[in-house]
Amino acid sequence: MNSSSVDAVVIGSGIIGAMSAHYLLEDGRSVLIIERGEVARGASSGNAGILAFPEIIPIAAPGMMWKAPKWLLDPLGPLSLPPSYALNMVPWLWRLWRASARPAYERTVGVHARMMPMARSEMLRTVERTGLRAMVKQTGTLDLYDSEASLNAAADDWQAKRKAGFEFQRVGRGEIDSLQPGLAPQFRHGIFTPSGLQVSDPLEFTQALFSNAMSRGASLRIGEVIRIEPVNDGARVILADGAIFEAKTVVLAGGAWSKKIVTGLGDHAPLETERGYNTTLPQGAFPLHRQLYFNDHGFVVTPLSTGIRVGGAVELGGLKLAPNYKRSEAMLKKAKSFLPDLKTEGGRQWMGFRPSMPDCLPVIGPSSATPAIVYAFGHGHLGLTQSAATGRLVADIAARRKPALDIEPYSISRFR
Ligand SMILES: Cc1cc2nc3c(=O)[nH]c(=O)nc-3n(C[C@H](O)[C@H](O)[C@H](O)COP(=O)(O)OP(=O)(O)OC[C@H]3O[C@@H](n4cnc5c(N)ncnc54)[C@H](O)[C@@H]3O)c2cc1C
C-alpha cells in the first residue's frame with residue numbers, strides 16, 4: 001500500500017471533472033485527476049454537444065404523468081422502462097412525480113434560471129482562457145413541432161424562458177425552410193432561438209479541456225476509487241489497487257457512478273441513470289445548418305465536426321442492462337422521415353448514462369461528513385451546459401469563499 005499527499009483530487013475525467021480541475025487550477029491549486037477508464041469516455045463523450053442555456057424547464061413538470069403512459073406504450077419511443085429494472089425505479093419515480101407538482105416545479109425552473117446566465121458567462125470565459133473558443137459555435141437552435149396544437153401546448157414553457165431573459169421567435173414554414181432546407185412538409189410550426197450555442201464535438205471538447213489542465217500542471221492517475229474518508233485536515237481517497245491519496249479537497253465528479261461512494265460517506269443520493277442513445281453519421285450525411293429539436297419525439301439532430309448526430313430518448317434501465325440499439329435505429333428511422341435526404345449509412349451507435357437526480361437538479365456542495373469532500377454530480381440532461389458553472393462553484397466551495405451562486409438548492413441534504 002502506498003500513500004501520497006496532493007492538494008486537490010478530482011474523481012472522474014468527464015466534463016464535470018475536467019471543468020472542476022480547470023477552476024481549481026485557476027485558483028493556483030495543484031490537481032490530481034483519478035479516472036478508472038479512458039479519459040472523458042463517459043456520458044460526456046457522446047452527448048448532443050448542445051450548450052442548452054435556455055433549457056430551464058425540467059422533465060419533472062406538471063402534466064408529465066399524463067404524457068408518460070403514451071410514450072411508454074411505444075417500446076422504442078422517447079421514454080422506456082425495461083420491465084427487469086422497473087421495480088428499482090419506483091423510489092426515484094416517486095420523487096420525480098413529487099418534483100413535478102407545481103410549487104416544486106416552479107422552484108426548479110427558478111433555480112435553473114438563476115444558474116444558466118452564469119453557466120453561459122463562465123463557459124465563454126473558460127473557452128477564452130483555455131484557447132478553446134473555436135470549439136464553441138453559435139448556430140442557433142430550431143425547435144420543431146408536429147402541429148400548431150403541440151406548439152401551443154408548450155406555450156407556458158416558452159413564456160417561462162422569455163421571462164428568464166431568453167430571446168426567440170415563432171417561425172412558420174417559410175422561415176423554417178430558410179433556416180433548414182430539406183425538412184419534411186409536416187413541419188410548419190417552430191421556434192428559433194438565434195443565440196443557440198453548441199460545441200464542435202463533446203468528446204473533443206472534454207479531451208481538449210482535460211489536455212489543457214494537464215499542460216497547466218494537473219496530473220492523471222488511472223484507477224478506480226472505492227472509498228473516500230474524512231481525515232483531520234482533508235480527505236483520504238482509497239483506490240481498488242490499494243493506492244491511497246490524501247488531499248485538502250476531494251471532488252467527486254463520477255457521473256452516474258457516484259452513488260456508492262456517497263453512500264459510503266453516510267449521505268443519501270437517489271441517483272439513477274437516464275440512458276440515452278444516438279447514431280453519429282459520417283460528415284456529408286446531410287447539409288445540416290444547426291441543431292434541430294424534434295420536440296414531439298424526444299430527440300435532436302446536431303451538426304458536429306465528427307458528423308451528424310441523431311439522438312436522445314430516455315431509458316430508465318440502470319447501469320448494468322445491455323444497451324438496446326434498436327432505440328438508436330428507431331430514432332434514425334424517424335430522422336430519415338423528417339429529413340428525407342438524410343443518408344443513414346455508415347453510422348456509429350452509442351449509449352450513454354445521464355447521471356440523473358429525481359428533482360432534475362445536480363448535487364453541488366460539501367458532503368455532510370466534511371467540507372473537504374465536494375460533490376459535483378447528477379447533472380442529468382444538462383451536464384455539458386452547466387459544467388463551467390459547476391466548476392466555478394466547486395472552486396468557490398473548496399476555497400471556502402462565498403459561492404458565486406446560492407448553493408443551497410444543490411445541497412445533498414435535500415434528500416435527507
Ligand atoms: C444521449 C445524451 C445526450 C446528451 N446531450 C446533452 C447536451 O446536448 N447538452 C448537455 O448539456 N448535456 C447533454 N447530456 C448530458 C451530459 O452528457 C451529462 O450530464 C454529462 O456528460 C455528465 O458529465 P459527468 O462528468 O458528470 O459524467 P461522465 O461524463 O459520465 O464522467 C464521469 C467519469 O467518472 C469516472 N468514474 C466514475 N466512478 C469512478 C470511480 N469510482 N473512480 C474513478 N473514476 C470514476 C467515469 O469513468 C467517467 O469517466 C446528454 C446525455 C446523453 C446520454
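Predicted model: local features only at pLDDT ≥ 70, side-chain atom pairs only at ≥ 80, totals over all residues.

Which side chain does Arg-133 meet in a salt bridge? Its partner is Glu-128, with 3.4 Å from N to O. By salt bridge I mean a side-chain nitrogen of Lys or Arg within 4 Å of a carboxyl oxygen of Asp or Glu.

Residues are numbered from 1 along each chain as its sequence is written, and side-chain values use heavy atoms, with hydrogens and water left out.

I shall begin with the salt bridges. Side chains of opposite charge can pair when their charged atoms come close. The structure holds 24 salt bridges. Arg-133 counts as partly exposed because its relative accessibility is 34%; the classes are buried under 20% relative accessible area, exposed over 50%, and partly exposed in between, with a 1.4 Å probe and protein chains only.

A second pair is Arg-173 with Asp-177, at 3.1 Å from N to O. Both residues belong to helix α9 and stand four residues apart, about one turn of the helix. Helices (H or I, at least four residues) and strands (E, at least two) are DSSP runs, numbered from the N terminus. Arg-173 is partly exposed at 23%, and Asp-177 is partly exposed at 34%. Helix α9, residues 173-179, also contains Glu-175, which is partly exposed at 39% relative accessibility. The C-alpha atoms of Glu-175 and Gly-14 are separated by 38 Å, and these residues are 161 apart along the chain.

Asp-359 is buried, with a relative accessible area of 15%, whereas Arg-414 is partly exposed at 24%.

On a 1 Å grid over the protein atoms alone, a pocket is an open set of points with protein on both sides within 12 Å along at least five of seven lines; a cavity is a set of points where a 1.4 Å probe fits but cannot get out; lining residues have an atom within 4 Å of a point. The elements that give two or more residues to the lining of this pocket are α5 and α6 (102-129). The second largest pocket holds about 250 Å³ of space, a volume being the space filled by probe spheres set on the points, which are joined across faces, edges and corners.

The largest cavity has a volume of about 90 Å³. Of the 14 residues that line the largest cavity, the closest to its centre are Ala-52, Pro-54, Glu-55, Thr-141 and Tyr-293. Two or more lining residues come from each of β3 (50-51), β6 (141-145), α8 (155-163) and β15 (291-294).

Finally, helix α5, residues 90-99, contains Trp-97. Trp-97 counts as partly exposed because its relative accessibility is 43%.
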